[in-house]
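Subject: Handover of a structure and its description

Dear colleague,

Please find the structure below for your files.

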Amino acid sequence: MSLLAVENISVRYGQLTALRKASIKVDEGETLFVTGPNGAGKSTLLKAIAGVVTPREGFIQFAGQHIAGRAPEDIARLGFSMVPEGREVFGGLTIEENLRLGTGMRADKDQVAKDLEQVYAVFPILKDRKDQQAGVLSGGQQQMLVIGRALMAGPRLIAIDEPSLGLAPKVIDDVYATLIRLRDSRGLTLLIVEQSATRASLTGGRMVLMRSGEVALEGDARELVKGEALRQAYFGYG
Ligand code: ATP
């Protein structure tokens, strides 16, 4: 059984249909990229899984449980962590305070201390600067902070909305290298919204292409980028 299975979900915002019977599956330890043009419904898909928006129809299973319509904090407790688009850090709080916000409901101080050490092991720059205000970090460092904050909840799956947005290519390489290390060393499952299909193919994994709220194409990221079908589906011709 897949760790995450989304089946035929539809989401509307008023009159606008953002998702039409969209389905995806993600197995434990794999990487699934979601790509597609602006407005295709990629963020809405993540929000529906996270419980931020409620599908009008369809099923979502995560870690063996039906989660569609459940509260975001219940879904998070099952091991789902989301990094929304926009890298929101609390600029007036220190880096460590920002990380501690990611522990959610967990009161176990020893566990929190262990998780902090693990995040610092993954992102040493955050440890070096832990007492500084988060507002002074560069864009790439802020991306690491929000990913670190999502890791503080000890997730099985981390969903990230456009991690490369606005970052320099070298920094994007670093962020992806870290994600792949986490996947391979801890079996973390990755669900990543990424506008750049090329970037997805460089990283490797499966990819779905969304268009107009639907999953239009699915396959191995490297194979899809080599072929013509991706371009056709992306731009809607053919
Ligand atoms: P982008 O890459 O631009 O973020 P996306 O593929 O993530 O696009 P969504 O953000 O999921 O797409 O948006 C899908 C559609 O739903 C778009 O037409 C968008 O304008 C609309 N939409 C998104 N959020 C809302 C909202 N809160 N209220 C109304 N319409 C919305």
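Ala168 counts as partly exposed, because its relative accessibility is 41% (buried means under 20% relative accessible area, exposed over 50%, and partly exposed in between, with a 1.4 Å probe and protein chains only). This residue is found in the loop between strand 7 (157–161) and helix 7 (169–186); helices (H or I, at least four residues) and strands (E, at least two) are DSSP runs, numbered from the N terminus. Between the C-alpha atoms of Ala168 and Gln143, which are 25 residues apart along the chain, the separation is 12 Å.

Please note that this is a predicted model, in which local features need pLDDT of at least 70 and side-chain atom pairs count only at pLDDT 80 or more, while totals for chains, interfaces and linings use all residues. Residues are numbered from 1 along each chain as its sequence is written, and side-chain values use heavy atoms, with hydrogens and water left out.

Helix 6 deserves a description of its own. Gly139 has its place in helix 6 and is partly exposed, with a relative accessible area of 31%. Leaving aside neighbours within four places in sequence, Gly139 is in contact (heavy atoms within 4.5 Å) with Arg87 and Leu167. The C-alpha atoms of Gly139 and Leu167 are separated by 6.6 Å, although the two residues are 28 apart along the chain. Gln142 is also found in helix 6, which covers residues 139–151. Is Gln142 buried or exposed? With a relative accessible area of 16%, Gln142 is buried.

For Lys21, which is not a glycine, phi is about 45°, and its place is in strand 2 (residues 16–26). For Ser212, also a residue other than glycine, phi is positive and near 50°. Ser212 lies in the loop between strand 9 (206–211) and strand 10 (214–220) and is partly exposed, with a relative accessible area of 43%.

The interior may be described next. In soluble globular proteins, nonpolar side chains tend to be buried together. A nonpolar core is here a set of buried Ala, Val, Leu, Ile, Met, Phe, Trp, Tyr and Cys residues joined through side-chain atoms within 4.5 Å. The largest nonpolar core has 43 residues, of which Ile147 and Ile158 touch the most other members. Beyond its neighbours within four places in sequence, Ile158 is in contact with several residues, among them Ser81, Val83, Ile147, Leu188 and Leu191. A second, separate core holds 30 residues, including Ile9, Ala22, Ile49 and Val53.

Finally, some totals for the protein. Its secondary structure comes to 10 helices and 10 strands. The radius of gyration is 18 Å, close to the 18 Å that the globule rule gives for 238 residues, so the protein is as compact as a globular protein of that length; this radius is taken over C-alpha atoms, and the rule is 2.2 Å times the number of residues to the power 0.38. The C-alpha atoms fill a box of roughly 55 × 40 × 35 Å along the principal axes. Of the 238 residues, 49% are buried. Among contacts between residues at least 6 apart in sequence, 66% join residues at least 24 apart.

With kind regards
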